[in-house]
Amino acid sequence: MRLERLRPLSRSGPASVALLFAVAALALAPVLLNGIGRGDSAYYNLLWSSQIAPRWPADLYLRWLPDSFGGRGAPTFYFYPPAAYWLDAAIDWLTGRSMPGRWRLAVTTWLLFALSGITMRGWLIRYVPPPMALLAGVALVLAPYHLLDHYWRAALAELTAIAVLPVA
């Protein structure tokens, strides 16, 4: 392995991360100001997060959602990836369970958008100059499909996959 690959990311690393958080905040300004929107899956996101957050961290991998379908429950997380809801539950726990669900999901989405840019930059910094890697991170945060995925579909699992894809 060449030593060049082990070099630090760059001296502008913290500034780049701050810029990516700011770009994500601008892209999600309507959501951060008004709470989670009305995408296709927004109702399910709110419903599922309201059942996971109070039980976290005591039950880290809640597969059965007991309050769904009028209290009969649902096996949602046997087939739907729960990572975004774990992040949402961690935010709920860190804020002392004081943040309403629609705002908490807005913060979760903001973190996922920023994380997608950060991971893209982190992946590319080894192969291209730091400004180009940062530009690629900004481009991913502002990518039309990425924005459509949130504003129209509200697909939290897909947003999480986009955020961790450069790491994989």
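This is a predicted model: local features need pLDDT of at least 70, side-chain atom pairs count only at pLDDT 80 or more; totals for chains, interfaces and linings use all residues.

Q: Okay, where is Asp 88 found?
A: Asp 88 sits in helix α5, which covers residues 83-94.

Q: Is Asp 88 buried or exposed?
A: Buried, because its relative accessibility is 0% and the cut-off for buried is under 20%.

Q: Which side chain does the side chain of Asp 88 make a polar contact with?
A: That would be the side chain of Thr 108, at 3.2 Å.

Q: And what else does Asp 88 touch?
A: Leaving out residues up to four places away in sequence, Asp 88 touches Ser 49, Arg 104 and Leu 105, as well as Thr 108.

Q: Switching to helices: how do α5 and α6 cross?
A: Their axes come within 9 Å and cross at roughly 120°, so the two helices count as oblique to each other. The contact includes Leu 87, Asp 88 and Ile 91 from α5, with Arg 104, Thr 108 and Leu 111 among the residues from α6.

Q: What classes of residue are in that contact of α5 with α6?
A: Seven nonpolar, one polar and three charged.

Q: What about α6 and α9, at what angle do they pack?
A: About 25°, with the axes 8 Å apart. That makes α6 roughly parallel to α9. On the α6 side, Phe 113 is one of the contact residues, and on the α9 side Leu 159 is one.

Q: How many charged residues are there in the contact of α6 with α9?
A: None; by class there are eight nonpolar and four polar residues.

Definitions and conventions: Residues are numbered from 1 along each chain as its sequence is written. Side-chain values use heavy atoms; hydrogens and water are left out. Helices (H or I, at least four residues) and strands (E, at least two) are DSSP runs, numbered from the N terminus. Buried means under 20% relative accessible area, exposed over 50%, partly exposed in between (1.4 Å probe, protein chains only). A polar contact is a pair of N or O atoms within 3.5 Å; within protein, one must be able to donate a hydrogen and the other to accept it, and residues adjacent in sequence count only if both atoms are side-chain atoms. Contact means heavy atoms within 4.5 Å. Axes are lines fitted to C-alpha atoms, for helices over the stretch in contact, and angles run from 0 to 180 degrees between N-to-C directions. Angles under 35 degrees count as roughly parallel, over 145 as roughly antiparallel, 65 to 115 as roughly perpendicular and the rest as oblique. Ala, Val, Leu, Ile, Met, Phe, Trp, Tyr, Cys and Pro count as nonpolar, Asp, Glu, Lys and Arg as charged, and the others, Gly among them, as polar.
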